[in-house]
Amino acid sequence: QVIAKQFPSLSDEFGVDFFSKSSYPRVDVIDYKDKIQINSEIPGLSKKDINIEVKDKVLTISGTKNDKAGNNGNGTYLYKELKHSSFRRSFTLNKNLKLEDIDAKFADGILEITIPKLEKVEDEVLKINIK
């Protein structure tokens, strides 16, 4: 949150408000000239376990991770760091992105979401004739 306060226009410039309280899955948000890319590591899931939705300019990544390799009720965890629960992470998108052209790929535990930017249109200059 400190970064968000120091740089309040980052979400406007990059097109994605990525300063959210949720921290899983962790992401890299990369700004390119023509697109925004969100990369995330989501190990242990398949493509069918992940859901990506956009509603009211909010992109949400969610998924359910079952304890496939867990103790099956027969053992007691002595130490547990692996995430085995559902997750949900949202990003507010700005108006400068082409939401209808979002592309997502998932391979080897890496989710890559690409959001193209709208082409910038130079402000039209209206010439006023002096009478």
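Student: What pattern does the protein chain follow, read along the sequence?
Tutor: The pattern is α-α-β-β-β-β-β-β-β-β, from 2 helices and 8 strands. Helices here are DSSP runs of H or I with at least four residues, and strands are E runs of at least two, numbered from the N terminus. This is a predicted model, in which local features need pLDDT of at least 70, side-chain atom pairs count only at pLDDT 80 or more, and totals for chains, interfaces and linings use all residues. Residues are numbered from 1 along each chain as its sequence is written, and side-chain values use heavy atoms, leaving out hydrogens and water.

Student: How many salt bridges does the structure hold?
Tutor: Side chains of opposite charge can pair when their charged atoms come close. A salt bridge here is a side-chain nitrogen of Lys or Arg within 4 Å of a carboxyl oxygen of Asp or Glu. The structure holds 2. One joins D31 to K117, with the closest N and O atoms 2.5 Å apart. D31 lies in strand β2 (residues 27-31) and K117 in the segment after β8 (110-116), so this pair ties together parts that are 86 residues apart in sequence. There is also a salt bridge between D101 and K98, at 3.4 Å from N to O.

Student: Are D101 and K98 buried, exposed or in between?
Tutor: Buried means under 20% relative accessible area, exposed over 50%, and partly exposed in between (1.4 Å probe, protein chains only). D101 is partly exposed at 37%, and K98 is partly exposed at 29%.

Student: Which residues touch the most other members of the largest nonpolar core?
Tutor: In soluble globular proteins, nonpolar side chains tend to be buried together. A nonpolar core is a set of buried Ala, Val, Leu, Ile, Met, Phe, Trp, Tyr and Cys residues joined through side-chain atoms within 4.5 Å. Of the 16 residues in the largest one, I42, I50, L59, I61, L111, I113 and I115 touch the most other members. The elements giving two or more residues to this core are β3 (35-41), β5 (58-63), β6 and β8.

Student: Which residues is L59 in contact with, beyond its neighbours within four places in sequence?
Tutor: Contact means heavy atoms within 4.5 Å. Those of L59 include I52, V54, F91, L93, I102, I113 and I115, and also E53 and R89.

Student: Where does N94 lie?
Tutor: N94 is in the loop between β6 (87-93) and β7 (103-107), and N94 counts as buried at 14% relative accessibility.
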